[in-house]
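I set down what I looked up, in the order in which I looked.

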Amino acid sequence: CVLRKREERTALQRASEHVLKALEKRDPQQFFAWPVTDNIAPGYSAIISQPMDFNTMRQKIDENHYLTLQDFIADFKLVCNNAMQYNHVETIYYKAAKKLLHTGMKLLQPEKLGWLLNLIP
Ligand SMILES: COc1ccc(C(=O)NC2CCC2)cc1-c1cc(C(C)=O)n2cccnc12
């Protein structure tokens with residue numbers, strides 16, 4: 001039988017997975033891990049036109065959907081900005097999203113990530 005050759009992961013896929021793991025560590029309550037449903041967040045699907053979450057991002061990495069790291073970062077910003085759009089400023093979700101966005105942007109700075117970015121051809 002012909003064994004299905006496991007596709008080699010590209011440098012971009014490995015870099016994106018590395019960053020995603022670091023971002024997930026900063027979401028211990030897993031508020032951003034899965035799609036937000038209308039039953040936990042009333043009216044969510046009517047307010048947020050482009051929902052995004054970490055699990056969906058992982059699927060997109062595995063499907064090699066991201067052509068550049070900027071595409072990946074855009075989805076991360078979507079996760080945070082959606083939460084800051086739907087939730088009021090005094091909620092735990094707004095505050096968690098604001099903190100996560102700030103932390104994520106620091107993590108993605110070249111001096112922090114330069115070595116990883118150089119791996120991407
Ligand atoms: C996948 O989304 C979730 C998963 C689990 C929880 C959760 O554990 N909430 C408990 C902490 C106080 C109730 C919340 C959320 C959640 C994320 C969000 C976001 C990201 O907007 N959210 C908004 C309103 C209500 N709930 C949520």
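**Entry 1: helix α5.** I began with helix α5, residues 92-107, which has 16 residues and reaches 22 Å from its first C-alpha to its last, close to the 22 Å expected at 1.5 Å a residue. The expected span is 1.5 Å times one less than the number of residues. Helices here are DSSP runs (H or I, at least four residues) and strands are runs of E (at least two), numbered from the N terminus.

I noted that the model is predicted: local features need pLDDT of at least 70, side-chain atom pairs count only at pLDDT 80 or more, and totals for chains, interfaces and linings use all residues. Residues are numbered from 1 along each chain as its sequence is written, and side-chain values use heavy atoms, with hydrogens and water left out.

I then listed the buried residues of α5: Tyr94, Ala97, Leu100, Leu101, Gly104 and Leu107. They lie on the same side of α5, because they cover an arc of only 155° around the axis; the arc is that of the directions from the helix axis to the C-beta atoms. Buried means under 20% relative accessible area, exposed over 50%, and partly exposed in between (1.4 Å probe, protein chains only). On the face turned away from the buried side of α5, I found the exposed residues Ile92, Lys95, Lys98, Lys99 and His102. The cover over the buried residues of α5 includes α1 (11-25), α3 (54-62), α4 (69-86) and α6 (110-118).

**Entry 2: Gly104.** I picked Gly104 out of helix α5. Gly104 is buried, at a relative accessible area of 0%. Apart from residues up to four places away in sequence, Gly104 touches Leu23 and Phe76, contact meaning heavy atoms within 4.5 Å. I also looked up Gly104 and Arg14, which are 90 residues apart in sequence and 17 Å apart in space, C-alpha to C-alpha.

**Entry 3: the core.** Which residues have the most contacts inside the largest nonpolar core? I found Val19, Phe32, Phe54, Met57, Phe72 and Phe76, in a core of 27 residues. Such a core is a set of buried Ala, Val, Leu, Ile, Met, Phe, Trp, Tyr and Cys residues joined through side-chain atoms within 4.5 Å. Helices α1, α3, α4, α5 and α6 each supply at least two residues of this core, and α4 gives the most, with eight residues.

**Entry 4: helix α1 and Ser16.** The 15 residues of α1 should span 21 Å at 1.5 Å a residue, and the end C-alpha atoms are 21 Å apart, which agrees. Buried residues in α1 include Ala11, Leu12, Gln13, Ser16 and Glu17. Their cover includes α3, α4, α5 and α6.

Ser16, in helix α1, has a relative accessible area of 1% and is buried. With its neighbours within four places in sequence left aside, Ser16 is in contact with Ile61, Leu69 and Phe72.

**Entry 5: Lys60.** I found Lys60 in helix α3. Is Lys60 buried or exposed? Lys60 is buried, with a relative accessible area of 16%. Beyond residues up to four places away in sequence, Lys60 touches Met52, His65, Tyr66 and Asp75.

**Entry 6: the ligand.** I listed the residues around the ligand as Gln30, Phe31, Phe32, Trp34, Val36, Ile40, Ala41, Asn87, Ile92 and Tyr93, a residue being near if one of its heavy atoms lies within 4 Å. An oxygen atom of the ligand is 2.9 Å from a side-chain N or O atom of Asn87. A backbone N or O atom of Phe31 lies 3.4 Å from an oxygen atom of the ligand. For Tyr93, a side-chain N or O atom is 3.1 Å from a nitrogen atom of the ligand.

**Entry 7: backbone angles.** Most residues other than glycine have a negative phi. Gln30 has a positive phi of about 60° although it is not a glycine, and Gln30 sits in the loop between α1 and α2 (44-47). Asn64 also has a positive phi, of about 55°, in the loop between α3 and α4. At 39% relative accessibility, Asn64 counts as partly exposed.

**Entry 8: the whole chain.** Buried residues make up 37% of its 121 residues.

Key. Polar contact = N/O pair within 3.5 Å; in protein donor to acceptor, adjacent residues only side chain to side chain.
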